Amino acid sequence: MVTARTIRAALEGIIYDFGLSKGLPVVFENLDTPVQESTYLTTHLIPAKTTFDTFTGDKQHGIFQINLYTPQRQSVVEADELADEIIALYPVGKLKHITIEQPTCRNQGLYVNGWYAITITVNYRS
């Protein structure tokens, strides 16, 4: 059975490796965000109601949210490029024991407490 733990491990592992490769701190859910002076990422697993499919068992659906923060008052080009790279990490299709249901997408950047923030949304199901 696929659990929130295994879903989290699969999705967070990808962004963790990306963060390491780019030198970007990744702050996972329920951890304190240390004071940052440069670009960083945060993640959140947002499960939806589990449904039961009589042919294949329980189905877990939800959103894996990645927040990309870059310092305010800098060009948005770096943020856009990083967002595009992150989106490419989660293509539609099978990913280990989960499926990415829809194209991964992002929102318009917003100013949040001195940061330019872009939210990237990954829709999954088990």
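### Strand pairing and a helix crossing

Let's start with the strands: S1 (residues 26-27) and S2 (residues 40-47) pair in the parallel sense over 2 bridges. Pairing requires at least two bridges found by DSSP; strands (E, at least two residues) and helices (H or I, at least four) are DSSP runs numbered from the N terminus. This is a predicted model, in which local features need pLDDT of at least 70 and side-chain atom pairs pLDDT 80 or more, while totals for chains, interfaces and linings use all residues. Residues are numbered from 1 along each chain as its sequence is written, and side-chain values use heavy atoms, without hydrogens and water.

S2 also pairs with S5 (residues 61-71), here in the antiparallel sense over 8 bridges. Two residue pairs illustrate these pairings:

| Residue | Opposite residue |
|---|---|
| Val26 | Leu41 in S2 |

Now to the helices. The axes of H1 (residues 4-22) and H2 (residues 77-89) come within 10 Å and cross at roughly 140 degrees, axes being lines fitted to C-alpha atoms over the stretch in contact, with angles from 0 to 180 degrees between N-to-C directions. Ile14, Ile15, Phe18 and Lys22 of H1 make the contact (heavy atoms within 4.5 Å) with Leu82, Glu85, Ile86 and Leu89 of H2.

Of the 5 salt bridges in the structure (a Lys or Arg side-chain nitrogen within 4 Å of an Asp or Glu carboxyl oxygen), one joins Glu85 and Lys22, whose closest N and O atoms are 2.8 Å apart. That pair links helix H2 to helix H1 across 63 residues.
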